[in-house]
Amino acid sequence: MKKILIVFGTRPEAIKMAPVVKELKKNNSIITKVCVTAQHREMLDQVLSFFEITPDYDLDLMKPNQTLNQLSSRILIKIDDVFQNFKPDLVLVHGDTTTSSMVALASYHNNIKVGHIEAGLRTYNKNSPFPEEINRQLTARIADFNFAPTKSSKENLLQEKIREESILVTGNTVVDALMLADNQLKNNYKNAEIDNLNKSLDFSKKIILITGHRRESFGESFLNICNAIAEIGKREDVQIVYPVHLNPNVQKPVFSILNNKSNILLIDPLSYPSFIWLLKKSFLIITDSGGIQEEASTFGIPLLITRNVSERMEAVNLGFSKIVGSDKKKIITEVLSILDKFKGFKDTFNPYGDGKASNRIVKYIIKNSINET
């Protein structure tokens, strides 16, 4: 029997890989195992618990304040032990993390085939997002199979001379994950976080959900964003909810500028199901996250991107989201315009997929890799 190893390390990867894991586990003709690097520890474990996934290998590589080079070297060394133990025929990685690029490189060194899920997203600015842009490009060069979420992602790969026969447009597995999560939430799923949010939020107001964590925003740009949020919070018809990332570069400016402000609720980072519950309750989202851009589009929620570029231009081109950067005046202007004018999107087409991406990926793998002689 052929063997597939799925490797991921962060919460966003876990969310988007969970449907692939579940789809592969349905197939009795292959052996599928899961390895986590635990690049994110607590946040990763929450997602694994929610989707009922137990890793077969846990490298537990998270250490406080480790550099990217330290993390990269430890991944390269530790994943070798897994390869020697399991001897996979194919390794699946996701997106743009240090885990993905280093595991892809380690697989190549061991002559193991690589499948890259969510391949082809690009800004072509190596410092934005950093280090994700280069991680994606490196992984695409190594991968034997590139699963592009959209047609534009495929075009990026073709422009880079990636073989067309190695590319499959699948849709994004984030939509698959959202559908799984939404079904659970509709079945009276409850936890303490959701109960607390229900008690804390004023649903007579328009909920604005804020997130921010990207390295390139730290410093003056992040201060500008926080000051814009403080100004928006002065409106009496809004309730701003900000799950504050644990990074000190985020915590310090957020609590310095936004703590104890009326209509602004600063809370701890939320588990995945709680976040999706809150997202669905929101009128507007302001974020620098990539995955949330896709999630907001799935639920038809307008979104403002506090970055200067985005590798997810499909939603921008359709008008679902808008790039505002870190300009305080521009952020405020766009938020007020949405609050006063937005009545819903006329076109509900989701550019990121139909919830069947995982099924397409698994069928392709079985046909093109597992059945090889």
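No disulfide, that is, no pair of cysteine sulfur atoms within 2.5 Å, is found in a search of the whole structure. Of the cysteines, Cys35 is buried, with a relative accessible area of 0%, and Cys226 also counts as buried, at 1% relative accessibility; here buried means under 20% relative accessible area, calculated with a 1.4 Å probe and protein chains only. The model is a predicted one, in which local features need pLDDT of at least 70 and side-chain atom pairs count only at pLDDT 80 or more, whereas totals for chains, interfaces and linings use all residues. Residues are numbered from 1 along each chain as its sequence is written, and side-chain values use heavy atoms, with hydrogens and water left out.

When neighbours within four places in sequence are left aside, Tyr272 is in contact (heavy atoms within 4.5 Å) with Arg11, Ile15, Val47, Phe50, Phe51, Ala177, Leu178, Ala181 and Glu295.

The axes of helix α9 (residues 220-232) and helix α14 (residues 328-341) come within 8 Å and cross at roughly 35°, where axes are lines fitted to C-alpha atoms, for helices over the stretch in contact, and angles run from 0 to 180 degrees between N-to-C directions. The crossing of α9 and α14 is right-handed, a term used if the near helix is turned clockwise from the far one by less than a right angle. Asn224, Ile225, Asn227, Ala228, Glu231 and Ile232 of α9 make the contact with Lys328, Ile331, Ile332 and Val335 of α14.

In helix α5 (residues 132-142), the buried residues are Glu132, Glu133, Asn135, Arg136, Thr139, Ala140 and Ile142, and these pack against β4 (90-94), α4 (98-109), β5 (113-117), β6 (145-148) and α6 (151-159). Ser128, in the loop between β5 and α5, is buried, with a relative accessible area of 10%, and touches Thr123, Glu216, Arg307 and Val309, not counting residues up to four places away in sequence.

Conventions
Helices (H or I, at least four residues) and strands (E, at least two) are DSSP runs, numbered from the N terminus. Buried means under 20% relative accessible area, exposed over 50%, partly exposed in between (1.4 Å probe, protein chains only).
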